[in-house]
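Start with the sequence and structure.

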Amino acid sequence: MSHIYPKEVLFVGKDRDSVLGLAIFLFSLFVFIISLQQGGSSVSQFGAGFFPMVLSVALGFCGLLLIWAGHARKEKLPLPNLKNKEIIVASVMSLLYCFLLGPLGFCISSILFLAAIFFFLGLRKIQHLLVLPVGLSLGLYWFFVSVLHVALP
Amino acid sequence: MFSHVLSTVPSALMTVLDPGTLGWVFIGAIVGLVFGAIPGLTALTAIAIFTPITFLLPLQDAFGFLIGIYCCGFYSGSIPAILLKTPGAPGNAATALEGYPMACQGRAGEALGLSIFSSYIGGTLSAIALLIIAPLLGTFALKFGAPEYFSLGILGLLCVAGISGKSILKGIIGTGLGIMISLIGMDPINGTPRFTFDTVNLMGGIALIPALVGLFAIPEVLIQIGKIKQQAQGEVSKFSSALPKFRAFIDAKWTLLRSTLIGLFIGILPGIGPTIASWVSYTEAKRAAKKPEEYGNGSAEGLIACESANNSVTGGALIPLLSLGIPGDSVTAVMLGALMIQGLTPGPMLIVEHFDIISIMLWLLVISNLFMLMIGVLGAKTFPYILKVPMKILMPVIVVLCVAGSFASNNSLFDVEVMIILGLLGYILSQFELAMPPIVLGFILGPIIEPNFRRALVGSHSNPAVFFTEPISAGILALAGLMLLFIIKNNLKEDNVGRKKNEEDSAEA
């Protein structure tokens, strides 16, 4: 692989700050391009796209500085380990919970979420898998609906 | 204006003495105690999670609840610092240096007592300072126009960027990202949609509560879940009561006063906060001590210095928030959002139009500190149980609270989806050492910075020099420049110290 890509590109992939800087730079570029499409208006010569353009240029410059800082560093900072099993599973469960909130409603989706995540985190007793999820979900539902007068799904 | 504010003090007390308001202050104090005492959770997390609830409460109840969390949360981080040598929040790290040795000497109760009384004195004195200084600053800020507000926003963002995390460059990137998120929706001057990608849900922009909750609470929950297997419960020191020897306060009276003033002054400076306040105060106390050799071995004076400064930040940080609309620390950054949710825009016009706000805040701070004192002294025996709350149960419950709170603000499932997506994004960014406070402050101040920037340019016929030719704006930008140089110099100094230490370690190896 090293004979195909220049060293500089490989260095970006090896340092945490360089990777972040590259992501920030690409994001700024994206925002800059979208901002160009936001025209001016009769209300003000500084249209909707003006400030985002200025900001994206500043952010892109910061991204380049970060890439350079990572490249210039002798001891590269390792990339973060995002492969933590507990975090990945908890994130997926939380995402599912949020998207099931509408179809299933707050009580049922919360009971299912709490029971599933308690089980995954190693709780096995019946009070943890049944009593707590039901009690907490119904308790929170009562608190928001009856005390705060908020309609939950 | 000062006399107007003073005249509202008695009526504000009657407003705040409502049983409902007192109840919410007490509940907030309990919530703050629990969240602040559990390492990994902080007053900031609690305020982010419970801000959605305040949307549904009257103003004094909402702020009573949040200030209860604020005051008690800042104090209760000293509990694990003393009992477990693990500070509940970065602001209590210095407390562990004196409090834990005291606990090891069988003086845990005395340490907890010194902590609670110091926090009470610092917090209450800062409330009085709020009453005096906020109207004066607000009067001065009436002279502010668009260039000044833009410059003030930049100063606030730079301060937060510099203090949060190890790298100011990443802090600045964080603020930029936060401002970028705030730009989604309708352009505030032209009224045209921006970055909505033809999505109806994005026309109103990203709502404040889902953003706050998502960026502060969810990453912290995921980090704690990731550590669940590694967490081992430390041995908690035993004690019978939390009452100090009051002689210690008389002996350390000048330390107490100096530390309170340090915390107050640092709290007023935008974006700094209790961590710096407690360390500066501790360092100064040690430098001025008659017996500096006692420091690090259970010095009562050292403990008083840390805790009084830590809590006197609370009143200080509310001063720029109320009078200028610029938060004094991360917690008041979230409170800025809570004030906006209540329909109030912090700044000099808030003080002009709502004199009683300052007085209400004063009394809420005084009462919160009183409740904090009562809970700290009478409830001390429950502290070891709080430290044993299982994270496996607490973290998922926090997710459910975040979901309910995000939905409650606008009755929108889209807000819940935004909350969780921002939360996951926030977690990934935190792993790249991008701190959340700059992002959130950028998001909150973006709608102030952008319109004022454009108005200033329109008013000056597109001349960007207006930010430097207006004297107050130029002064604020000069201050921002000095802060930037100071922060860069500090960052470089820390990098050099770290590099030398690594070289020494390698040489020894």
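Chain A and chain B bury about 5400 Å² between them, with 82% given by carbon and sulfur atoms. Buried area here is the accessible area (1.4 Å probe) that two parts lose on being put together, summed over both. This is a predicted model: local features need pLDDT of at least 70, side-chain atom pairs count only at pLDDT 80 or more, and totals for chains, interfaces and linings use all residues. Residues are numbered from 1 along each chain as its sequence is written, chains are lettered from A in the order in which they are written, and side-chain values use heavy atoms, without hydrogens and water.

The table counts what the two chains share.

| Item | Value |
|---|---|
| Residues in contact (heavy atoms within 4.5 Å) | 60 residues from chain A, 58 residues from chain B |
| Salt bridges (Lys or Arg side-chain nitrogen within 4 Å of an Asp or Glu carboxyl oxygen) | two |

One salt bridge joins Arg16(A) and Glu433(B), at 3.3 Å from N to O. Helices 2, 3, 4, 5 and 6 of chain A each give two or more residues to the side that touches chain B. Helices are DSSP runs (H or I, at least four residues), numbered from the N terminus. Helix 4 gives the largest share, 11 residues.

Now helix 3 of chain A. Its 23 residues reach 33 Å from first C-alpha to last, close to the 33 Å expected at 1.5 Å a residue. Expected span is 1.5 Å times one less than the number of residues. Buried residues (under 20% relative accessible area, 1.4 Å probe, protein chains only) in this helix include Leu55(A), Leu59(A), Cys62(A) and Leu66(A).

Key:
Buried means under 20% relative accessible area, exposed over 50%, partly exposed in between (1.4 Å probe, protein chains only).
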